[in-house]
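Please read the following report alongside the sequence and the 3D view. It takes up a few helices, the pairs of charged side chains and some individual residues in turn.

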Amino acid sequence: MSPARSRSSEGLLARLARRCVRHRWIVIGAWLALLVIVNTIAGAVGPDYRTDFSLPDSESKQVQVALEAANPDRAGFTAQIVARSERGFDDPEVRSTLEKIYDYTAAKGDITVTSPYNSPKQISKDGTVAFAQLDIRDSRTFPELQDVGNEIIDYGNGLPKIEGLEVQYGGDLFAEFAMPESEIFGLLAAVVILILAFGSVLAMGLPIGTALFGLGVASALVSLGSNIMAMPDFTTAMVAMIGIGVGIDYALFIVTRHREHLHAGMSVEDSVVIVLDTSGRAVLFAGITVIISLMGLFLIGLNFVQGVAAAASVGVLFVMTASLTLLPALLGWVGTRIDKTTWAALGSIGLTVLAALVGIATGQGPVFVGGLALAVVVFVASFFVKSMRRLVPH
């Protein structure tokens, strides 16, 4: 069979791979342009993340309606302001300070404050601990509740200090929730594991870089989408965790098979074409399956869950698309250098990972920035110091 006829009978993914390899700079440039344009628009528009906990027509909804009808002041959230006073609570200074906090809280609206001065059972028997019960109507979003809680805490902390008086805040109004840095730890772990497995910085960087490209576009689109449908604050972190996971997995599948073909003596272009026509089909099928599974969350009927499902689906769609278009172009650009790693490249990656770990552990962002700057210096210096360009034994 002639090469022309053979290529004319290629499948869709094979033809896509061949075009991506041959026109790799157009593909890479298109992804870069898309990344910049979408993020610029998203930055100009801004996100509008919000959590809508409105329930569908269910027994829980019916109970909530009944509670609001019977006692609307106690049908929402609860919180407490707990005080410990060595001087007791009849002390004029102690009482004045606490009542100022209670009055300020009640003035926030939709908050019923039951003071221990009006309910003696809220004072301990020894008279050193007391709490005020706060009942907050379900009329605010979670971020709005956090803002009100922070304002109350700031007001209390701004009052003159009373010796022997300690005030603490607890409950839904003062709850603090922050997503852990799990996606960053996962990314750093992937860098270390892939370098050990492949023995090559380029082979490691291709799956991670492809996933980050797709995730960068998806995150910007999710930010824009938050203005259209309800999405909670943690949506971006959720998209990042899912996107990094599936994105690295899909790209890793393709890169591993490509390296096997190169080791067998196949040309770069033919290897990429065959890989995308085989492993690419598995990536496409897996990605579509994940998207369908995520969209199944729409059946729950909660708006904020539907927002997370839509956002995660967008993340999977774009990291999958990046694996099927951008990755073949990058493989064509890297060529046969995929298994080669210089000491400078390895040192730069090591410095970046170490700085990121120390920065996260200590909560000091400048540590990571400093480590990243040092890594760039090491890499640039390798162009002038020949010994730093020596290859690391595979």
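Predicted model: local features only at pLDDT ≥ 70, side-chain atom pairs only at ≥ 80, totals over all residues.

## Salt bridges and helix packing

Glu 99 is partly exposed, with a relative accessible area of 29%. Glu 99 takes part in a salt bridge with Arg 95, where the closest N and O atoms are 2.9 Å apart. Both residues belong to helix α5 (residues 92-106), and because they are four residues apart in that helix, about one helical turn separates them. Arg 95 is likewise partly exposed, its relative accessible area being 35%.

In the structure as a whole there are eleven salt bridges. Side chains of opposite charge can pair when their charged atoms come close. Three of these pairs are set out below.

| Salt bridge | Closest N to O distance |
|---|---|
| Arg 95 and Glu 99 | 2.9 Å |
| Glu 269 and Arg 22 | 3.0 Å |

Arg 22 is partly exposed, and its relative accessible area is 45%. Taken together, Arg 18, Arg 22, Glu 269 and Asp 270 are linked in a network of salt bridges.

### The kinked helix α10

Helix α10 spans residues 268-295 and has a kink of about 40°, which is centred on Ser 279. Ser 279 is itself among the buried residues of α10, which also include Val 268, Val 272, Leu 276, Gly 280, Val 283, Gly 287 and Ile 291. The buried residues of α10 are covered by elements that include α2 (12-22), α9 (235-263), α11 (303-324) and α12 (326-334).

Ser 271 is another residue of helix α10, and it is buried, with a relative accessible area of 0%. When its neighbours within four places in sequence are left aside, Ser 271 is in contact with His 258, His 261, Leu 262 and Met 266.

Thr 235 is found in helix α9 and counts as buried at 0% relative accessibility. Not counting residues up to four places away in sequence, Thr 235 touches Tyr 49, Val 222, Val 308 and Ala 311.

Ile 248 also has its place in helix α9, and at 10% relative accessibility Ile 248 counts as buried. Although Ile 248 and Pro 207 are 41 residues apart in sequence, their C-alpha atoms are 5.0 Å apart in space. Pro 207 is one of the contacts of Ile 248 that remain once neighbours within four places in sequence are left aside, and the others are Leu 187, Ala 190, Leu 194, Ile 208, Ala 211 and Gly 243.

### Helices packed against each other

Helix α11 and helix α12 pack at an angle of about 35°, and their axes are 3 Å apart. In their contact, Thr 321, Ala 322, Ser 323 and Leu 324 of α11 meet Leu 326, Leu 327 and Pro 328 of α12. By class, the residues of this contact comprise five nonpolar, two polar and no charged.

Helix α13 (residues 343-362) and helix α14 (residues 365-381) pack at an angle of about 175°, with 8 Å between their axes. The two helices are therefore roughly antiparallel to each other. Among the residues that make the contact are Ala 344, Ser 348, Leu 351 and Gly 359 of α13, together with Val 367, Phe 368, Gly 371 and Phe 379 of α14. The contact of α13 with α14 consists of 13 nonpolar, four polar and no charged residues.

Terms used. Residues numbered from 1 in each chain as written. Heavy atoms only, no water. Axes fitted to C-alpha atoms, helices over the stretch in contact; angles between N-to-C directions. Parallel < 35°, antiparallel > 145°, perpendicular 65-115°, else oblique. Contact = heavy atoms within 4.5 Å. Nonpolar A, V, L, I, M, F, W, Y, C, P; charged D, E, K, R; others polar. Bend = angle between axes of the 7 residues up to and from the residue. Buried < 20%, exposed > 50% of the residue type's maximum accessible area, 1.4 Å probe, protein only. Salt bridge = Lys/Arg side-chain N within 4 Å of Asp/Glu carboxyl O.
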